[in-house]
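Hi,

Here is the structure I promised to pass on. Have a look at it first, and then read my notes below.

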Amino acid sequence: MIDGPYFALTVVGLIGAGLVAGVFCAFSTFVMQGLAALPPAQGVAAMQAINVTALRPAFMIVFLGSTVLCAVIAVVTFVLWPDEGAVELLVGSALYLFGCFGVTVLANVPRNNALVKVEAGTAEATAYWPTYVREWTAWNHVRTVAAVGAVVAYVLALT
């Protein structure tokens, strides 16, 4: 079994990934559906406000802090290669780094950047909104599954 500082590092990484999984799950299961049910002007304005709020420290510390922790876990695993849980630690780290952080940077953020360029209530915003919701939510499902997978892998590494 993993012990000492390596155990603590893994537990903190697990908690961070779990918190991020919860946020992403909430968006996939009800937030985006609620926004999609609004008239496009209101949905666009609400999502634009959410995207600004998401960049504040409360979420960014958890999201980026978990990214750093998962990277540290991966590096420490490669350097120390523990007797137990190494594969699970690497899988968990890869799931978070590529499935959460990578998908965020390559899929969700570009859609957010495109959304910020449209003015709520315009024909352009009304036309873009259904595509945004569909594509952003699909990629968010990927992030959710990846974060949950990272949590499961870290738990398996600890058992």
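Ala153 is buried, at a relative accessible area of 6%; keep in mind for this and everything below that the model is predicted. Ala153 belongs to helix H5. Leaving out residues up to four places away in sequence, Ala153 touches Glu88, Val91 and Gly92. I also looked at Ala153 against Ala37: 116 residues separate the two in sequence, and their C-alpha atoms are 35 Å apart in space.

H4 covers residues 86-116 and H5 covers residues 123-158, and their axes come within 8 Å of each other. The crossing angle is roughly 165°. Angles over 145 degrees count as roughly antiparallel, so that is how H4 and H5 run relative to each other. As for handedness, H4 passes H5 in a left-handed crossing. What is the contact of H4 with H5 made of? Its residues divide into 22 nonpolar, eight polar and four charged.

Next, the charged side chains. How many salt bridges does a search of the whole structure find? The answer is one. The partners are Arg111 and Glu135, and their closest N and O atoms lie 3.1 Å apart. In general terms, side chains of opposite charge can pair when their charged atoms come close.

Are the two partners buried or exposed? Arg111 has 18% relative accessibility, and the cut-off for buried is under 20%, so Arg111 counts as buried. Glu135 has a relative accessible area of 28%, which puts Glu135 in the partly exposed class.

H3 spans residues 57-80, and Ser66 sits in it. Is Ser66 buried or exposed? Its relative accessibility is 2%, so Ser66 counts as buried. Which residues does Ser66 touch, again not counting those up to four places away in sequence? They are Gly16, Ala17, Val20, Ile61 and Tyr96.

After that, turn to Ser66 in H3.

Cheers

Methods
Residues are numbered from 1 along each chain as its sequence is written. This is a predicted model: local features need pLDDT of at least 70, side-chain atom pairs count only at pLDDT 80 or more; totals for chains, interfaces and linings use all residues. Side-chain values use heavy atoms; hydrogens and water are left out. Axes are lines fitted to C-alpha atoms, for helices over the stretch in contact, and angles run from 0 to 180 degrees between N-to-C directions. Helices (H or I, at least four residues) and strands (E, at least two) are DSSP runs, numbered from the N terminus. Angles under 35 degrees count as roughly parallel, over 145 as roughly antiparallel, 65 to 115 as roughly perpendicular and the rest as oblique. A crossing is left-handed if the near helix is turned anticlockwise from the far one by less than a right angle, and right-handed if clockwise. Ala, Val, Leu, Ile, Met, Phe, Trp, Tyr, Cys and Pro count as nonpolar, Asp, Glu, Lys and Arg as charged, and the others, Gly among them, as polar. A salt bridge is a side-chain nitrogen of Lys or Arg within 4 Å of a carboxyl oxygen of Asp or Glu. Buried means under 20% relative accessible area, exposed over 50%, partly exposed in between (1.4 Å probe, protein chains only). Contact means heavy atoms within 4.5 Å.
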